[in-house]
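Colleague: I am new to this structure and would like to go through it with you step by step. Could we look at the helices and then at what lies inside?

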Amino acid sequence: MKNVLCVLLLLLCIEVQAKAVTFNSGKITLRGVYLEPTKLSGPAVLLLHDCGRSASAAQLNAERLTRMSTLLQELGFGVLMLDTKPRAQGVSCAEPQRRPNVGLRANDAQIAIAWLKARSEVDASKVAVMGWSLGASTALSLLNREEPGVRSAVVFYPDCRLFLAQASYRVGAPTLLLVGEDDQRSSAEACRQLAKKTGQDLFHQVTYPDVEHDFDAIQTALRASSPAHKAGPNSIAAQDAWRRTFKWLSRWF
């Protein structure tokens with residue numbers, strides 16, 4: 001499998017200034033791709049990708065994150081794309097007994113956020129987190145902490161079922177959740193239940209009828225994946241979701 005980090009660097013190097021970065025989370029060395037904000041003391045966003053265990057999934061993740069990061073930087077944001085491959089050993093997103101530990105990944109995300117806040121070119125009071133699928137679930141785990149360290153969050157099709165059993169789940173920052181009603185991997189109904197459980201106005205959910213998992217995937221990347229891929233892009237839902245994403249971020253920054 002090609003490393004997500006390598007693909008991201010390859011896709012980004014021609015268009016924007018991007019650099020590979022590393023930092024430690026316990027015994028794990030984390031890697032990422034970092035794009036500075038276009039203005040001094042600018043806002044920044046941490047991007048958390050999907051599981052990405054196969055080559056096709058790595059390509060899908062890379063193209064989606066590359067497009068998002070380019071658009072965010074054009075709006076003045078710094079961007080850190082965290083590569084969670086070091087946490088992928090011995091796990092499988094498709095097998096419940098081998099699913100990734102989102103708590104450990106949330107630890108990684110919190111360390112990445114601290115790294116962003118320490119940058120002189122980043123306004124430490126203006127950091128957000130954004131994730132897709134596993135990355136979105138990781139973000140929800142982070143947001144349930146007393147001090148998540150972010151000002152806002154956007155999560156695309158997380159597995160909300162992971163948090164329904166928690167006695168008092170709350171998000172520690174304004175959160176926009178986007179999910180398709182026909183998503184077989186991330187239940188829209190479970191996310192509705194979770195939002196209702198929090199009782200928080202700042203936990204805002206948007207669902208799309210007749211829309212599946214990975215609905216905002218880049219078309220070319222998804223065509224390169226397995227023909228058995230059951231999810232699919234939906235251009236109308238994707239355009240609306242990304243429009244809402246930028247509007248949500250601008251609301252809090």
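Colleague: Which residues of α3 are buried?

Modeller: This is a predicted model, in which local features need pLDDT of at least 70 and side-chain atom pairs count only at pLDDT 80 or more, while totals for chains, interfaces and linings use all residues. Residues are numbered from 1 along each chain as its sequence is written, and side-chain values use heavy atoms, with hydrogens and water left out. Taking buried as under 20% relative accessible area with a 1.4 Å probe and protein chains only, and helices as DSSP runs of H or I with at least four residues, the buried residues in α3 are Val-102, Arg-105, Ala-106, Asp-108, Ala-109, Ala-112, Ile-113, Trp-115 and Leu-116.

Colleague: What covers the buried residues of α3?

Modeller: Contact means heavy atoms within 4.5 Å, and strands are DSSP runs of E with at least two residues, numbered like the helices from the N terminus. The cover of the buried residues in α3 includes β1 (19-25), β2 (28-35), β3 (42-48), β4 (78-83), β5 (122-132) and α4.

Colleague: Why do the buried residues of α5 lie on the same side?

Modeller: In helix α5 (residues 188-198), the buried residues are Ala-188, Ala-190, Cys-191, Leu-194, Ala-195 and Thr-198. Going by the directions from the helix axis to the C-beta atoms, they share a side of α5 because they cover an arc of only 155°.

Colleague: Are Cys-160 and Cys-191 buried or exposed?

Modeller: Exposed would need over 50% relative accessible area, and partly exposed lies in between. For Cys-160 and Cys-191, the answer is that both are buried.

Colleague: Which residues have the most contacts inside the largest nonpolar core?

Modeller: A nonpolar core is a set of buried Ala, Val, Leu, Ile, Met, Phe, Trp, Tyr and Cys residues joined through side-chain atoms within 4.5 Å. The largest has 66 residues, and those with the most contacts inside it are Leu-46, Leu-47, Met-130 and Phe-156.
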